[in-house]
Amino acid sequence: EISACLVGSEMCIRDRHTTWKSDSITGEITRHETWSPNKRNPSGWDKIQSTDLQGKAHINKITGEAVSTPHTQGKSIPGGVREAYPNEIPKRNYQGE
């Protein structure tokens, strides 16, 4: 069984889950990553995709176009990066219509 437990805590993660980074001053989420268990990976986890809400643009390897933030990266995404979908942007960070 694969699990990730916080030191000194009884909270353990055993299934697909999301982690995030936030700005230490504003508390805004700046990046989140979705992980899936993989017993063959030494860490026990594979990153499925990540969404950057701040930072530099990344180049889509198929189109050659720069994709500015917010963008989502992942192995299953053609070219490796695309614009983030509204449901991938935390509501507090969402600037859409």
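Two strands count as paired if DSSP finds at least two bridges between them, and a strand itself is a DSSP run (E, at least two residues) that is numbered from the N terminus. The views below show a predicted model, in which local features need pLDDT of at least 70 and side-chain atom pairs count only at pLDDT 80 or more, whereas totals for chains, interfaces and linings use all residues. Residues are numbered from 1 along each chain as its sequence is written, and side-chain values use heavy atoms, with hydrogens and water left out.

**View 1. The hairpin of β8 and β9.** Strands β8 and β9 run antiparallel and are joined by 3 bridges, one of the bridge partners being R82 in β9, which pairs with T72. The two strands form a hairpin with 6 residues between them, and in the turn G79 has a positive phi of about 85°.

**View 2. The open sheet as a whole.** Five strands make up an open sheet in the order β3-β4-β5-β8-β9, with antiparallel pairing. Because β3 (17-22) and β9 (81-83) stand at the edges with a single partner strand each, one side of each is left without a neighbour in the sheet. Neighbouring strands of this sheet are turned against each other by 25° on average, direction ignored, where the axes are lines fitted to C-alpha atoms and angles run from 0 to 180 degrees between N-to-C directions.

**View 3. Strand β5 and its partners.** On one side, β5 pairs with strand β4 (residues 29-37) in the antiparallel sense over 7 bridges, and W35 stands opposite K47 in β5. Strand β5 (residues 45-52) also pairs with strand β8 (residues 71-74), again in the antiparallel sense, over 4 bridges. Along this pairing D52 stands opposite H71, T51 stands opposite T72, and Q49 has G74 as its bridge partner in β8.

**View 4. A charge over a ring.** The charged end of R82 sits over the ring of Y85, 3.8 Å from the ring centre, the criterion being that NZ of Lys or CZ of Arg is within 6 Å of the ring centre and within 35 degrees of the ring normal.
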